Amino acid sequence: MLKLSISKTGELFAELSAARALYLPVEGGGQTTFSRYTPEADVRLDVLNTARSVKDFFLPQTEDIVAFKRAGKKISIIEDRASDEPFAVFGVRACDARSLDVMDRVFLSDPVDTFYKGRRENGVVISLACSEPAETCFCGVFGIDSAEPQGDVVASIVGDTLCWEAKTPAGEKLTETVKDVFSPASAEDEAAAEAQKKTTREIMRQLPLAGLKIDNWGSDELLEKFNSPIWGKLYQGCIGCGTCTYVCPTCQCYDIQDFDTGHGVKRFRCWDSCMYSDFTLMAHGNPRTSQLERFRQRFMHKLVYFPANNDGMFSCVGCGRCVAKCPISMNIAKVIRALEVRTNG
Amino acid sequence: MPIDEKGTFRPKIVAFCCNWCSYAGADLAGSSRLNYPADIKIIRVPCSCRVNPLFMLRAFQRGADGVIMCGCHPGDCHYTSGNYFARRRMTLLFGMLDYLGIEKGRTRVEWVSAAEGQKFAGTMNQFAETVKSLGECRRIEDLRCKESVG
Amino acid sequence: MQRIRGMMRDRAAEMLRSGSVSKVLGWEKGEFAYDETPAIFTSADELCSDNELGGLVYDGFSSAMLSKYLINATKKDKEGKAPKALVFLKPCDSYSFAHLLKERKVERENVYAVGVECRGMLDIEKIRLKGAKSIKSVEESGDSVNVSSFTKDYTFPRGEVLLEKCVTCKGLDFKYCDEVIGGGNEINWNRLDRFAGVEMIEEMTPEERFNFWRGELSRCIRCNACRNACPVCSCNKCVFDNTDSGVQSKANADSFEENMFHIIRAFHVAGRCTDCGECSRVCPRNIPLQLLNRKFIKDIDALYGEYQAGEDIEQKSPLTDYQFGDAEPSVIYKRGGGV
Amino acid sequence: MADSAREMLIPIVGEVTDIRRDTPDVKTFRVVKSDGGGVCFPHMPGQCAMLSVPGVGEAMFSITSSPTNTEYMEFSIKKCGHLTDWLHEMDPGQDITIRGPYGNAFPVETELKGKDLLFIAGGIGLAPLRSVINYVRHYRKNYGTVDIVYGARSVDDLVDIDEIRSEWAGKDGVNVHLTIDRAQEGWDGNVAFVPDYVKQLGFPTTKTALVCGPPIMIKFVLKALETLGFSMSRVYTTFELRMKCGVGKCGRCNIGSKYVCKDGPVFRCDKMDELPDEY
């Protein structure tokens, strides 16, 4: 483990950003989001969840896929892909770090999404351990240890020391480029870090959502959960916006649309939300006719369908963004609670 | 950015013209051999009231540097009151564009009757000058429509 | 508030039991102290339950407006019969309710509207910004708000942690309600002029205005929460959901689409916006959307005479009305700043 | 699957060389690879392809031609939406873009081999089955008896009626049973809804059934087959939902945990009981 005084993080960031594009939590407009590092940036390492999740870097809200030219009856395809810039994201919390596993399951499974893969290979994730979890946090429910996140490099702030530990070859390579700013951690530092982890885990256990029971969810319960009458009650407040899906680090549904620029056609991919009425709309009708079905789809996907296809892995990481941001305060925690009863014995 | 052979900027302008008056006014301007810039593209609408604020914005998206709407003089609407409604709408829209920091000289409303070929040409010349002095529209543009490829 | 809640429960339970209404639109307790959800109660037992989750509640976090839910809640059933719903309305909600009546989105006879006393709603974001972390409970007592967290307890003056829409509250009158529970109170917090924000922007140079709005609107994630929460955005099919409209622009691919969405969203409610501020409240990116709507309100007031949507449902709304002598659009050019 | 180094969302250009009007609202499009001719990619019966006209839209269509045809691919398309309207109005020689093949296929080389087959189609539902039928006819000795029940609203709505009558009916032991919903002048064949007709004909339950048609027809045909005593493990059908990516990532064509584009479109009907009723 390496260490650095918290007052010297500016040097670390400057070194890192010299090596590759560096993104980190920066405050602006009253919110903290991952933004590109500048010496003037108001870096906030104390803020837990950024307003937008880390998925922005791997699945951007919109991206051009391909362009077309039409001349008479002829069509030509223009593949003009920008090469991926190497980058690092600093300050990724444990929940977001785990969300990348979920995304990998989708985009790196056959056939591989080459856009995603390119960014994944070019991005180094520097996660940051939590020490003051919020009441909306429930990553522990999904077996995530917020005190010890995953990532290429794991950083933590203990008192006024920033601890740094490379965990993967990519992380070690990056550490090599900035090793001069660090000094090796002493046994005391290690002990202090361990002590902090213990305290954090203790707080995690006391959080209001820590008691959510997830073991009654998963693929075995598909039809029982799907047919539960409780959905009919839960969805009533849902206004059908896409806030929960867009702030979610694991919501990966997308749409592909064409934009006619007047001298060609750009085909782009953009985030989409299963909460929208046009999500499944076809020329001959819509299989999900009301908000009830759309609302149910989102939670069934995260808690039942995804585990069914991915060895039991849930596609929720308990970051709590939807809990904090839903306009009507309906969220996955309430859904888990309301349907937690095992329906088939 | 479209530039003529002398190297001066030639703005793209979209003019929404009411079928019953301004469009005929434009016609008259043409048949009277009055000059106005060829960069003004006229879109004929059944009434100035047909012009949705979206049309204005879409014109800017497609690369217009200025958008003007022409209709019958208040009181002369073919449908009695269409232009009165259009007037309120456009006033509010222009106020909003100004509020967002978009140059107000890029939008305009002018009442031109079928007999006012002279006024039509004059208005267009004047508007083109204003837009020309403002330069290329950068504050409400869609870069995708301005790129040369794709 | 406890007293008000008790009265609300009694009244609603009585109406449900007697069968005068078949459903009650209210708020339900959540997981925390502050995350109440709009809920539809169909039985008195459900309404009065005091389980961990469930039961009608009303306090400083009952901010979500219920008016718009009436559109669906009073829809005719298969037999063509419309159910009658009881709805609780805060003063500003009642204006939106009135506007829905005016546009015949909701029929008056299908609703039993109960106004409920409002002392301004609390903003959990503001409480967080004031430094409260890991919030355990939020208690209101008089003019202060006591927040306790896992590590520390805080007390804030109520006026400092009110929702932005309540800071600029337009008044505590109730419109078109059948009865009012509580009420008669006065605004006892430091109220700001609702147009102050608009004026501040108007006084900027065009350059500054442009940069200000770019900074704000570039945060938009196009979640449509502002549109969906808006009580008067009630088109059956929104132009932005219509694949045939050509302007669907599902994602903010660039700044143009951000501008277009927000201009058109605000424009479509110009002259209809009741200034309830739900758009700003629900925005997950804290964009002050109400400033766009208020610009239209301010211009309408100045150019066509004072108008408050939802005040009088017989009055014509400004964009479906005109005067022969209305100002010409050129009036905009006379405004200060820029060309 | 497509070449893994290539991005699966990027299509290739295909040229429509021939357009045939089958019914008032169904046309069959013949597509060859624009660059070099021939089929755009190999496929198996039942698989689909994403066709698109840039700027108009992209949608999933089942490949109507049999894999045994290596000269061109065919798509029978009903006019019912944005993109299909456009396709119906275009002329031969027009380029479109195409990517695929997507989805699983009817198990023609495994479970269906050596079996007595019963094809049941309604309207445009013949499109995916035509691929299988022609495949089976090509490798005729690999399969047992073949019966085809095909119905539509009216005579005019029977897709590919000429091919059915001249190429399929009575040849190589293929039995064709046609039906229309309502009696019509000049039609001396059977008049009945497809599910009723299936019940009326009463096939032996040793047959394996392949069903495709409008969702409502599928539902009733499955009921009819059940009445006849068919085990649902010997019945296959295909689904259609809105798709964008075609590879199970865009997240919209799922029925429960199954993606129609990847795990389907062909489903064995006994597996359908495990899926929620949302299609």
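Helices here are DSSP runs of H or I, at least four residues, and strands are runs of E, at least two, numbered from the N terminus.

Two housekeeping sentences. This is a predicted model, where local features need pLDDT of at least 70, side-chain atom pairs count only at pLDDT 80 or more, and totals for chains, interfaces and linings use all residues. Residues are numbered from 1 along each chain as its sequence is written, chains are lettered from A and ligands numbered from 1 in the order in which they are written, and side-chain values use heavy atoms, with hydrogens and water left out.

Back to α10(A). How many of its 19 residues are buried? The count is 17, so the helix is mostly covered, given that buried means under 20% relative accessible area, exposed over 50%, and partly exposed in between, with a 1.4 Å probe and protein chains only. After α10(A) comes D311(A), with a positive phi near 50°.

Now step back to the loop before that helix. R288(A) sits between β12 (265–271) and α10 (291–309) of chain A. Buried or exposed? R288(A) is buried, at a relative accessible area of 2%. Its side chain makes a polar contact with the side chain of E278(D), at 3.4 Å. A polar contact is a pair of N or O atoms within 3.5 Å; within protein, one must be able to donate a hydrogen and the other to accept it, and residues adjacent in sequence count only if both atoms are side-chain atoms.

What else does R288(A) touch? Contact means heavy atoms within 4.5 Å. Leave aside neighbours within four places in sequence. Then R288(A) is in contact with F279(A), T280(A), E293(A), R294(A) and Q297(A) in chain A. In chain D, R288(A) is in contact with R252(D), N254(D) and E278(D).

That brings us to the chain pairs. Five pairs of chains are in contact, and A and D share the most contacts. Chains B and D do not touch. Their nearest C-alpha atoms are 11 Å apart.

Next, chain B. Two packed helices are described by the angle between their axes and the distance between the axes. Helix α2 (residues 53–61) and helix α3 (residues 82–99) of chain B pack at about 40°, with axes 10 Å apart. Axes are lines fitted to C-alpha atoms, for helices over the stretch in contact, and angles run from 0 to 180 degrees between N-to-C directions. That makes α2(B) oblique to α3(B). Under 35 degrees counts as roughly parallel, over 145 as roughly antiparallel, 65 to 115 as roughly perpendicular, and the rest as oblique.

Which residues meet there? From α2(B), they are P53(B), M56(B) and L57(B). From α3(B), they are M90(B), L93(B), F94(B) and L97(B). The contact has seven nonpolar residues, no polar and no charged. Ala, Val, Leu, Ile, Met, Phe, Trp, Tyr, Cys and Pro count as nonpolar, Asp, Glu, Lys and Arg as charged, and the others, Gly among them, as polar.

Look at L57(B). It is in helix α2 of chain B. L57(B) is buried, at 0% relative accessibility. L57(B) and L97(B) are 40 residues apart in sequence, and 9.9 Å apart C-alpha to C-alpha. Not counting residues up to four places away in sequence, L57(B) touches L97(B) and I140(B), plus F256(C), M260(C), I263(C) and I264(C) from chain C.

Now some backbone details. The peptide bond from D110(A) to P111(A) is cis, with omega near -5°. P111(A) is in the loop between α3 (94–107) and α4 (114–122) of chain A. Another cis peptide bond joins G264(D) and P265(D), with omega about 0°. P265(D) lies in the loop between β14 (258–259) and β15 (266–268) of chain D.

Positive phi next. S329(A) is not a glycine, yet its phi is about 60°. It is in the loop between α11 (321–325) and α12 (332–338) of chain A. S329(A) is buried, at 12% relative accessibility. R222(C), also not a glycine, has a positive phi near 55°. Its loop runs between α8 (206–217) and α9 (225–229) of chain C. R222(C) is buried too, at 1%.
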